[in-house]
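Dear colleague,

Please find below the structure that I am handing over to you.

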Amino acid sequence: MTYSSAHEPGTVRKLWQLLEPVHAVVYFAPEAYEEAGALGYATDDRWPMYFAYRAAPLGPAGAGLVNALFYSFSPRMVEHYLAQSWHTAQPARVLAARAVGADRALHALLGERTASPELAEAARLARSAAEAVTTAGRPLAAANAALPWPSAPHSVLWHAATILREHRGDGHLAALQAHHLDPVESLVLQSGVGAAPAEWFESRQWSADAWQAARGRLAARGLLAEDGGGDSGGGDGGAATAAGLALRTEVEKLTDELASGPWSALTPQEVARLADLLLPPVLDIVGAGILPTRGTLGIGMKYDYEG
């Protein structure tokens, strides 16, 4: 099945790669930690803040709903952090702190660029795409799209990036399920294709038994090598076979296709312009060193379909 869009999946993927750092500042910037700490959340690691900030648009959601929508985290991890989230602060207060944290973080990272006409233009273009999001079957995108738009251009850009990011994420879960990859299998195969070493996925807190069982299931499907071999360099007894790499490529292609709809609101020239406008602020954000130098999303990976 193919999806109609004015833009190729590779272009959609490039826009995700450029917008993801803008969204991610709220989970890593010291200003975001400060706002979460002022609400009473522990800030010795990022997970109390992460679960509260990301789930807050859903209202006082319980662990069952959040586990379903966040997908790749172990259920016991979700239960642990959600158990106190809304006792610490109600979602409305968390959303306010999240907005202030993102605002302060981007001011600190971008400086005078926040008042530039180029950033205002980027915010306008990104908002046009975000407002074109179709939210049917996209719960996290819908929850964020229902929030009021801020007024400052850098905050508009952050909000647009967040809506588009969650829209893509909702579609990614559909792509994983369409290819019969459960939460832990999705991580094992992601490691197997070389997106990141297996230990980088330990933060999702799946047990060693769950990880090994998922490896066994993928090996039985011919997607993962059983002997440490394979075709992808995943190593550690869990490298993807050619079939595993092909399946993961199909997942990413479908994810990009499912994320393409909102970008039809922009012409190819506007999309190219937005990409050009985003590059300087994204380089500022990445250059500040607050984001992980390597992550589990596979942002830097190339897939054959991209050409």
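**A helix pair, and helix α11**

Helix α7 (residues 117-131) and helix α9 (residues 153-178) have axes that come within 8 Å of each other and cross at roughly 30°. Because angles under 35 degrees count as roughly parallel, α7 is described as roughly parallel to α9. The crossing in which α7 passes α9 is left-handed. Please bear in mind that this is a predicted model.

The contact between these two helices can be listed by residue. From α7, the residues L119, A120, A122, A123, A126, R127, A129 and A130 take part. Their counterparts in α9 are P153, H154, V156, L157, A160, I163 and L164.

I then turned to helix α11, which comprises 13 residues, 208-220. From first C-alpha to last, α11 reaches 18 Å, close to the 18 Å expected at 1.5 Å a residue.

Which residues of α11 are buried? They are W211, A214, R215, L218 and A219. These residues lie on the same side of α11, because the arc they cover around the axis is only 135°. On the other side of α11, the residues D209 and A220 are exposed. The cover over the buried residues of α11 includes α10 (183-192).

After α11 comes G222, which has a positive phi, near 75°.

With kind regards

Terms used:
Residues numbered from 1 in each chain as written. Predicted model: local features only at pLDDT ≥ 70, side-chain atom pairs only at ≥ 80, totals over all residues. Heavy atoms only, no water. Helix = DSSP H or I, 4+ residues; strand = E, 2+ residues; numbered from the N terminus. Expected span 1.5 Å × (residues − 1). Buried < 20%, exposed > 50% of the residue type's maximum accessible area, 1.4 Å probe, protein only. Arc of directions from axis to C-beta. Contact = heavy atoms within 4.5 Å. Axes fitted to C-alpha atoms, helices over the stretch in contact; angles between N-to-C directions. Parallel < 35°, antiparallel > 145°, perpendicular 65-115°, else oblique. Left-handed = near helix turned anticlockwise from the far one by under 90°.
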